[in-house]
Amino acid sequence: QGGNGTNGSLELVASTTTAMPPEPLHFAGDFQLSSAGQPGLYRICYCKSSAMGPCNDPAAFAQYAGYLNITGEITSAMGEQQTVICLALSPCRFNITGVWAMQINYFDGFRAIPVAEACGKATDSSSYPYFKMEKKYRLASGAWRGEFSHKAGGEELYRAGDYRLCYCQSSLTTDGECVSPAQYEHDVGLLNIVGARTSKQWTCRQGSFCQLTVPGWRIAPGDGIRLVNDHARSPGCGRADPKDEWLGAGFDHNPSVGNHTVETSSGLELWFDLGRARGAGTWRVCLCAAVTAKSGQSSCRE
């Protein structure tokens, strides 16, 4: 605007302010654990205190943030060589205790391979026993125990023979799981599956003395057989029968305990004397291996 009759000019003066930098969208925080704890795969849950308040309630850690894989090598004190013994064609279980059991987790596993092969080298071990952990708990003494079983439902039962027992520590694998046979690289001992080599049929004449020979692996005098009725209602082998309701009748010795063995190219033959066979019929022959019985040889006489 002009003044006093003179030409004027309008001068615009810009007023500027320094813009504040935007608040970062991503932060990196360091969290310190007092101890790494036992090996295993852990889920990490996050609590944001500004939104959830004090992070002193497990329910506040509601956001999934990832996994933490804690690794730890097996030492001789954790995994000493051991021999697991199981009965052929029967469910098989074994326990581990001590420091090793404390550090083991549910993703770990054991796999059996032929003794001629090396752990971690077997190209295909899918047809051999695989053991997974059923449960892990603390004993009254304070020690830990892990219980492993193969095919908990008994869908596949394995025949007699000697196997190498290989262990996979899932915390040392890339994805925290034991999938490939090559991951079972720790040789921790042997698995001996004892019992009859094959299913067999025997024939005895009524009124005569009856002897059975059972071809088997790692069987021995003191092992026993029990003849049970073979029909649809019979519980079969390995079932409780406290009143001998299903016991085959008409024999002098039933159950019968093996008295001597004969060596063969594929193992042993164990002889059983049933005495005189007074009746006629068909019975199922059930084997008891004393080495796998809960109370030793006395169980094979019951």
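Is Phe 94 buried or exposed? With a relative accessible area of 7%, Phe 94 is buried (buried is under 20%, exposed over 50%, partly exposed in between, using a 1.4 Å probe and protein chains only).

## Ground rules

This is a predicted model, where local features need pLDDT of at least 70 and side-chain atom pairs count only at pLDDT 80 or more, while totals for chains, interfaces and linings use all residues. Residues are numbered from 1 along each chain as its sequence is written, and side-chain values use heavy atoms, leaving out hydrogens and water.

## Aromatic pairs

Searching the whole structure turns up 7 aromatic pairs (ring centres of Phe, Tyr and Trp, the last by its six-membered ring, within 6.5 Å; planes under 30 degrees apart are stacked, over 60 edge-to-face, the rest tilted). Take Phe 94 and Phe 110: their ring centres sit 5.2 Å apart with the planes at 80°, so this pair is edge-to-face. The two are 16 residues apart, with Phe 94 in strand β4 and Phe 110 in strand β5 (residues 109-114). Strands here are DSSP runs of E, at least two residues, numbered from the N terminus. Phe 110 is buried too, at 0% relative accessibility.

Next up are Phe 251 and Trp 283, with ring centres 5.0 Å apart and planes at 75°, so that pair is edge-to-face. Phe 251 is in the loop between β11 and β12, and Trp 283 is in strand β15, 32 residues apart. Phe 251 is buried at 14%, whereas Trp 283 is partly exposed at 21%. Back with Phe 94, one aromatic cluster is formed by Phe 94, Phe 110, Phe 131, Phe 148 and Tyr 167.

## Asn 95 in strand β4

Asn 95 lies in β4 (residues 93-97) and is partly exposed at 39% relative accessibility. Its C-alpha atom is 6.7 Å from that of Arg 145, 50 residues apart along the chain. Setting aside neighbours within four places in sequence, Asn 95 contacts Gln 82, Arg 145, Gly 146 and Glu 147 (contact means heavy atoms within 4.5 Å).

## A three-stranded sheet

Strand β15 also belongs to an open sheet of 3 strands, ordered β12-β11-β15 with antiparallel pairing (strands pair if DSSP finds at least two bridges between them). The edge strands, each pairing on one side only, are β12 (256-257) and β15 (283-288). Strand β11 (residues 224-229) runs antiparallel to β12, and 2 bridges join them. Ile 225 stands opposite Ser 256 in β12.

## Ile 44

Ile 44 is in strand β1 (residues 40-46) and is partly exposed, at 36% relative accessible area.

Note on methods. Helix = DSSP H or I, 4+ residues; strand = E, 2+ residues; numbered from the N terminus.
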